[in-house]
Amino acid sequence: MQVKEILRVKGNRLVSVDPSGQTSDAVRTMARENLGSLVVLQHERMVGMLTFHELLRALALRGGTLGELPVGEIMDRDPVTATPDMELNDLRRTMLESGARYLPVMKEGRLLGVISFRDVAKAVLEEQDFENRMLKGYIKNSLA
């Protein structure tokens, strides 16, 4: 299974924030949309990622408040990315080795979507369920 197949099933809905936007507004957006990350776009180009990890670090460093802190000051400016042709096992390995829970999917400098660790877990489960059904069908038909 490739990343593009996960995106096709998931859809390519993106919620973004501008780097000059306030982190407190980003938190409200993430809470309202039930998201763990936002793509940071400037002039329709990805310039970073904001995840709950960056937000928690900022809260810890700032005594539990964000105030008017701009997103651009805490975003990950160089997030680990995936490509649409990346195989599922390579994607899992990349996420585990980097510790990234959200990977932007890029093709020729263009953002196609974001894959979360949850999306990967769901894809793995569905792939295993499909393989199990196929094997059971094969065994049942070969014994008949």
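## Chat notes on a predicted chain

Modeller: Before you ask, this is a predicted model. The accessible surface of the protein chain is about 9400 Å². Carbon and sulfur atoms hold 50% of that surface.

Colleague: OK. How many helices and strands in the protein chain?

Modeller: Six helices and five strands. Along the sequence the pattern reads α-β-α-β-β-α-α-α-β-β-α.

Colleague: What radius of gyration does the protein chain have, against a compact globule of 144 residues?

Modeller: The protein chain has 18 Å. A compact globule of 144 residues would be near 15 Å. The C-alpha atoms fill a box of roughly 70 × 35 × 25 Å along the principal axes.

Colleague: And what share of the residues counts as buried?

Modeller: 39% of the 144 residues. On contacts, take those with a separation of 6 or more: 56% of them join residues 24 or more positions apart.

Colleague: Which residues touch the most other members in the largest nonpolar core?

Modeller: V3, A82, L91, V105, I115 and V120, out of 16 residues in that core. At least two residues each come from α1 (3-10), α5, β4 (102-107), β5 (110-116) and α6 (117-143).

Colleague: What does A82 touch?

Modeller: V3, L91, L103, P104, V105 and M106, leaving out residues up to four places away in sequence.

Colleague: Switching to α2. Which residues are buried there?

Modeller: Helix α2 spans residues 23-33, and T23, S24, A26, T29 and M30 are buried.

Colleague: What covers the buried residues of α2?

Modeller: The cover includes β1 (16-17), β2 (37-42), β3 (45-51), α3 (52-61) and α4 (71-74). Just after α2, N34 takes a positive phi of about 55 degrees.

Colleague: Now R93. Where does R93 lie?

Modeller: In helix α5, residues 88-98. R93 counts as partly exposed because its relative accessible area is 43%, and that class runs between 20% and 50%.

Colleague: How far apart are R93 and R28 in space?

Modeller: 31 Å, C-alpha to C-alpha. In sequence R93 and R28 are 65 residues apart.

Colleague: Last one, charges. How many positive and negative side chains?

Modeller: 20 positive and 20 negative. The centres of the two sets lie 5 Å apart.

Note on methods. Residues numbered from 1 in each chain as written. Predicted model: local features only at pLDDT ≥ 70, side-chain atom pairs only at ≥ 80, totals over all residues. Heavy atoms only, no water. Helix = DSSP H or I, 4+ residues; strand = E, 2+ residues; numbered from the N terminus. Buried < 20%, exposed > 50% of the residue type's maximum accessible area, 1.4 Å probe, protein only. Rg over C-alpha atoms; globule rule 2.2 N^0.38 Å. Contact = heavy atoms within 4.5 Å. Areas by Shrake-Rupley, 256 points an atom, 1.4 Å probe, with all protein chains shown as cover. Lys, Arg positive; Asp, Glu negative; His and termini not counted. Charge placed at Lys NZ, Arg CZ, Asp CG, Glu CD. Core = buried A, V, L, I, M, F, W, Y, C linked by side-chain atoms within 4.5 Å.
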